[in-house]
Structures are given as C-alpha cells and as structure tokens.
Amino acid sequence: MQPPSWTTGGTLGDIDRAYDNAGAIADAKAYPPRWSEAAAAFRARLSEVGRARLDLPYGAGPRHAYDLFLPEGTPAGLAVFVHGGYWRAFDRSVWSHLAAGPLARGFAVALPSYTLCPEARIAGITREIAAFLDRASAEVPGPIHLSGHSAGGHLVTRMLCTDVALACADRIAGVVSISGVHDLRPLLATRMNETLHLDAAEAQAESPVLHAPRPGARLIAVAGRDELPEFRRQNLLLPTIWHGLGAEAAAFEIAGTQHFSVIDGLTEPDSALTGALIGG
C-alpha cells in the first residue's frame, strides 16, 4: 500500500490553492466593484446627515487615516472593522457599508486604512492598528468591539495578544475574527510571500496562535461554511488554543457563505454576525 502524497495531491494539497480564495469563488471579480459601490453610497448618505467623519488621521503616513460613522444619539460604544486583502490590497473606502449593522444598534463605527505590503511588514501593520485603536478610542467612550476580515481578522486578534502595546486594551469587550488567518507560518511557502516578505521569525512573532491572550479576552471566530478547508481550519485553531489559555473563546460557521459573502451580515442589525460583534 502506497502512502499518501502529502504535498502533491494528497489531503493537504497545493499550499497556494489552499489560500486562493478568489480562485475558489466563481464570480470573485464581481465582488470588489459591488463593495465599492455600496460603500460609496453609504458614505454619501451618512455625510448628508452629518454622521460621517472622514479621513481622520491616526499617524503621519499617507494611509494612516480612518473613517468614523456616528449613530443617532449618544454612542453605546465603538465598533471597529479592519479590512482584509492579505495585507496587500484594499483600503477603508471599500467597506464603509459594513458599518450599517452595528451603527443601527447604536454603536459608532470606525474603519481604518493601513500601509500595505511590501511597503510595510506585517509586524508594522500590527503596530499601525494599535495606534489607530488608541486614537479612535479617544473619540468615542465606552466599550470597544473589534472585527476584522481575513488579514483583518489576524490584525484584530493581535490586539488581544499580551505582547502588543495598546493603551485602550482594558476597554476591549470582545473580538470577532471573520475568516481570520491566525497562524502565519503556512504563508512562508506561498507565492504571496514574494510580497509579504515574511521570514520564519516574523511569521512566529505575528501568529496569534503562538501568543497568550490578554486576561479576560473574549474571542469569537467566524467562517463561511463554504470556505476553503484551510480557512475553516484556521477559524477553529485560535479559539481552541486560547480556550485552554483562559480566554472566553468560541467558533461558528455561517451556512451558505464563502470567504467573500461571509461579511455580508455586518450590513444587517439583526444578523448573527452583528450580534456576535456587539454582544446580542
């Protein structure tokens, strides 16, 4: 009996295909234009009624800025969405409409841009998100609820790691990582690393699975049930490890969604995803 070929067609398959979300979604190219159109319309509506504060700086770099959307009345707290794109693509302007769900539930919502690879290293992006959070948290009192998608899921879970300097850490009520990449070490073998420039030391240092969570950390990891197997594995990995390290951690999947559609629930105030983010 021949052993399985683990690297050429066996159970694990090709590592680049394992992380190729666009290649696994039939109409992948149609998503970014739809996102951008919905986001622009959302910004226009909120700007018309004076509830959008755009292009707020959190640092000196050209991408060190965030948008803040305000609810009617006093905010119940601050919700955050950090975008994905494998640390290489997009900015906050593509995702404004994802503020709609938590905004309707009374939360102010902030969305940052950050410096992309290869201009930045992932470790530097982690520090940028921490700087953004400390700045945005000064604008809105109350609890902070973090969410991020894909690479953004990685970045918000890094905010729960004890090695990250974060002045507002005690205000973080919970984190929702949506299709997050929580162990960066497999990316060392991918073609995308030609842009990320990860080495073994940085992949270890920037993997939330290799860090202890802050005391009292609360994490919910969410993935689409139709996602690539590697993302479903990554979705379970961090809650499983952190649960054993004292965090309040859980994971679930949303039926009928894949990597690009799993975020849609954030546009709806009564969705399971919005409920997971703001706690109910």
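This is a predicted model: local features need pLDDT of at least 70, side-chain atom pairs count only at pLDDT 80 or more; totals for chains, interfaces and linings use all residues.
Residues are numbered from 1 along each chain as its sequence is written, and side-chain values use heavy atoms, with hydrogens and water left out.

Me: Why is Y86 called buried?
Reply: Buried means under 20% relative accessible area, exposed over 50%, and partly exposed in between (1.4 Å probe, protein chains only). Y86 has 9% relative accessibility, so it counts as buried.

Me: Why is F90 called partly exposed?
Reply: F90 has a relative accessibility of 29%, and therefore counts as partly exposed.

Me: What makes the backbone of Y86 and F90 worth a remark?
Reply: Most residues other than glycine have a negative phi. Y86 is not a glycine, yet its phi is positive, at about 55°. F90, also not a glycine, has a positive phi of about 75°. Y86 lies in the loop between strand 3 (78-82) and helix 4 (100-104), and F90 lies in the loop between strand 3 and helix 4. Helices (H or I, at least four residues) and strands (E, at least two) are DSSP runs, numbered from the N terminus.

Me: Which peptide bond is cis, and where does P118 lie?
Reply: The bond joining C117 and P118 is cis, with omega about 10°. Most peptide bonds are trans. P118 lies in the loop between strand 4 (108-112) and helix 5 (122-137).

Me: How do you know that the span of helix 5 is close to the expected one?
Reply: The expected span of a helix is 1.5 Å times one less than its number of residues. Helix 5 has 16 residues, and the distance from its first C-alpha to its last is 22 Å, close to the expected 22 Å.

Me: What makes helix 5 mostly covered?
Reply: Of its 16 residues, 12 are buried. Among them are I122, I125, I129, F132 and L133.

Me: How do you know that C161 is in no disulfide?
Reply: A disulfide is a pair of cysteine sulfur atoms within 2.5 Å. The structure holds 0 disulfides. For C161, the nearest cysteine sulfur is that of C168, 14 Å away. Seen from C168, the closest cysteine sulfur is in C161, and 14 Å is too far for a bond.

Me: Why are C161 and C168 called buried?
Reply: C161 has a relative accessible area of 0%, so it is buried. C168 counts as buried because its relative accessibility is 5%.
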